Amino acid sequence: MAKQTRDAEFTEFVAARAPWLRKVAYLLCGDWHRADDLVQESVTKLYVRWSRLSRLENLDGYARTVLVNTFLAEQRSPWGRWTARRRTGAVPEPAAAGTDLDLSVDLRRALAALPPRQRATVVLRHYCDLTVEQTAAALGCSTGNVKSQTSRGLDALRRSLDQQDLRDRTEHTRLTARTDLPELRDLRPAVPVEGAAK
Amino acid sequence: MNDRTDLTEDRLAAELAAGLTALADSPAPLGRTDTAWAIRRGRSRLRRRRLGVLGAVTAVAVGASVLGATLPDRDTAGPQKAATGPAAPDPVLPALGPETGHARSPSRPLSAGCPTASTGPATPSASPARPPCSTARPTALRRPARTRWR
């Protein structure tokens with residue numbers, strides 16, 4: 001009877017929290033299918049300790065910590081390193097229609113270029129909205145470490161996004177400058193640029 | 001300068017938070033999280049963990065019992081001297097004491113047992129076959145006399 005009650009509580013918790021955990025996992029690993037695997041593994045780990053966890057106040061925080069630790073442990077394993085190396089050259093999946101495609105792809109590329117620990121720090125600080133102390137508790141490190149990892153991660157993101165922006169602008173300039181091609185002539189802006197007639 | 005940097009950092013952080021939220025909220029394939037499978041897997045992990053603990057305890061208990069059976073018993077195989085006590089004399093070694101003549105008192109000089117070195121008459125308990133002690137070195141070990149050459 002107690003076991004059935006425990007399982008019912010666990011099922012209810014997972015049904016309520018799995019979508020949120022899946023989003024965090026997606027931001028960490030950048031792939032929905034891997035995110036599903038991460039969530040499944042985290043949920044299994046949660047069940048193993050569920051009898052002791054039901055007394056815990058911040059169950060969401062515990063689940064998030066388990067998820068992040070599972071992700072980091074997977075990254076450290078030889079299999080994780082091998083798959084990460086294979087994934088480096090892969091083009092990310094296109095975002096669904098209706099979203100800002102360029103921004104999503106750029107951000108995903110920039111996030112994927114970060115080391116796993118910096119990525120986890122950035123996601124926990126800026127998506128989960130945790131303080132430095134909470135992030136340090138979730139990652140099991142010092143607050144100074146969290147600050148330095150966040151700063152480095154933001155620097156790397158800024159550089160990556162700036163480079164991407166510069167590349168896009170260069171591409172756009174190259175396309176608009178080649179007016180001799182008839183198919184590209186239509187891509188030029190219809191509205192005259194201010195000051196161009198002078 | 002510092003304020004401008006902070007503003008840039010804040011702006012970047014706000015943009016990053018918005019971008020991350022948009023990225024996480026983007027349409028995704030259907031989730032594959034299976035709670036029943038997680039429960040089954042968790043139960044099997046728990047069972048395996050319990051079995052491991054039980055096996056470790058059993059191994060320790062078996063090892064302890066085997067060791068206890070192999071090693072000799074401390075009460076029966078211990079040294080006999082400690083069991084019999086100081087009252088029983090050792091039959092092999094001669095007894096020490098002033099009446100046997102084997103005792104060495106601190107006031108007695110080292111050459112006291114030697115009949116030749118002693119000034120008084122030899123004690124009757126000294127063995128006659130024992131060679132006399134000599135303070136002189138053997139001939140082979142003696143340093144040759146220095147010869148003067150003229």
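Predicted model: local features only at pLDDT ≥ 70, side-chain atom pairs only at ≥ 80, totals over all residues.
Let me begin with one pair of side chains: Glu74(A) forms a salt bridge with Arg34(A), the closest N and O atoms being 2.5 Å apart, where a salt bridge is a side-chain nitrogen of Lys or Arg within 4 Å of a carboxyl oxygen of Asp or Glu. Glu74(A) lies in helix α4 of chain A and Arg34(A) in helix α2 of chain A, so this pair ties together parts that are 40 residues apart in sequence. Helices here are DSSP runs (H or I, at least four residues), numbered from the N terminus.

Residues are numbered from 1 along each chain as its sequence is written, chains are lettered from A in the order in which they are written, and side-chain values use heavy atoms, with hydrogens and water left out.

Now to helix packing within chain A. The axes of helix α1 (residues 2–29) and helix α2 (residues 32–48) of chain A come within 8 Å and cross at roughly 145°, the axes being lines fitted to C-alpha atoms over the stretch in contact, with angles from 0 to 180 degrees between N-to-C directions. On the α1(A) side the contact (heavy atoms within 4.5 Å) includes Phe10(A), Phe13(A) and Leu21(A), and on the α2(A) side it includes Trp32(A), Arg34(A) and Leu38(A). By class, this contact of α1(A) with α2(A) has 15 nonpolar, no polar and 5 charged residues.

Helix α1 also meets helix α4 (residues 59–76) of chain A, and there the axes come within 10 Å and cross at roughly 40°.

What, finally, lies between the two chains, B and A? About 3,100 Å² is buried between chain B and chain A, of which carbon and sulfur atoms give 66%, buried area being the accessible area (1.4 Å probe) that two parts lose on being put together, summed over both. The contact takes 30 residues from chain B and 33 residues from chain A. Across this interface the rule finds 5 salt bridges, and Arg32(B) forms a salt bridge with Asp37(A), with the closest N and O atoms 3.4 Å apart.

Notes
Helix = DSSP H or I, 4+ residues; strand = E, 2+ residues; numbered from the N terminus. Nonpolar A, V, L, I, M, F, W, Y, C, P; charged D, E, K, R; others polar.
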